Amino acid sequence: MYLTNMYLTINVSMSFSLFIISKQLIVCMGFVQLKSRYGGSYVFSITTAQHEEQSVLEMLQKISPNATKVYGLSGTQKFELPKSEVTIANVFRAVENAKTKFSIQAWGLADTTLDDVFIKVANEA
C-alpha cells in the first residue's frame with residue numbers, strides 16, 4: 001500500500017497504524033515517532049533581491065550555525081533550521097533587524113510538514 005498526500009490527514013488520526021519500512025526493516029512506527037525522528041527543524045523561507053542572498057545566509061548562520069539551505073532561486077530561498085538551535089522569537093527578531101539592512105519582500109517560518117518528512121524518508125531509502 002502506498003501512502004499519498006490525499007490520505008495524510010486521515011492517517012494522522014490513525015497514527016498507530018503508520019509504519020515506515022525500508023530494506024525489510026521497520027524504520028518507524030506511528031506519526032509521533034515519524035515527526036520526532038525526521039521533523040526536528042523549522043522551515044524558513046525568504047524572498048529578497050537576488051544579490052542579497054548571501055546576506056540572508058549570514059543572518060541565519062548567526063542564529064543557527066547548522067542551518068541548511070534546501071534551495072535558492074532568483075532571490076527566493078528555503079532553509080531548515082534545527083529546533084534545538086533556534087526559537088521562534090529569535091527568528092522574528094533577526095528578520096526585523098535584517099529589514100533595516102536589506103530589502104525583504106516576503107518571509108515565513110513553519111513547522112516541518114508531513115510532506116517534508118516523507119521526502120526525507122524517501123531520500124534515505
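This is a predicted model: local features need pLDDT of at least 70, side-chain atom pairs count only at pLDDT 80 or more; totals for chains, interfaces and linings use all residues.
Colleague: Let's start with the rings. How many aromatic pairs does a search of the whole structure find?

Modeller: Two rings pair if their centres lie within 6.5 Å. Searching the whole structure gives 2 aromatic pairs.

Colleague: How are the rings of F44 and W107 placed, and what is the pair called?

Modeller: Planes over 60 degrees apart count as edge-to-face, those under 30 as stacked, and the rest as tilted. For F44 and W107 the planes are at 40° and the centres 6.0 Å apart, so this pair is tilted. Because F44 belongs to strand β3 and W107 to strand β6, the pair ties together parts that are 63 residues apart in sequence.

Colleague: And what about the rings of F92 and W107?

Modeller: Here the planes are at 75° and the centres 5.0 Å apart, so the pair is edge-to-face. F92 sits in helix α4 and W107 in strand β6, 15 residues apart. Together, F44, F92 and W107 make one aromatic cluster.

Colleague: Is F44 buried or exposed?

Modeller: Buried means under 20% relative accessible area. F44 has 0% relative accessibility, so F44 counts as buried. W107, at 26%, is partly exposed, and F92, at 42%, is partly exposed too.

Colleague: Now the second largest pocket: which element gives the largest share of its lining?

Modeller: That is α3, with 5 residues. The pocket has a volume of about 200 Å³, and its lining includes M59, K62 and F102. By type, the lining residues are 5 nonpolar, 2 polar and 3 charged.

Notes
Residues are numbered from 1 along each chain as its sequence is written. Side-chain values use heavy atoms; hydrogens and water are left out. On a 1 Å grid over the protein atoms alone, a cavity is a set of points where a 1.4 Å probe fits but cannot get out, and a pocket is an open set with protein on both sides within 12 Å along at least five of seven lines; lining residues have an atom within 4 Å of a point. Grid points are joined across faces, edges and corners, and a volume is the space filled by probe spheres set on the points. Helices (H or I, at least four residues) and strands (E, at least two) are DSSP runs, numbered from the N terminus. Ala, Val, Leu, Ile, Met, Phe, Trp, Tyr, Cys and Pro count as nonpolar, Asp, Glu, Lys and Arg as charged, and the others, Gly among them, as polar. Buried means under 20% relative accessible area, exposed over 50%, partly exposed in between (1.4 Å probe, protein chains only).
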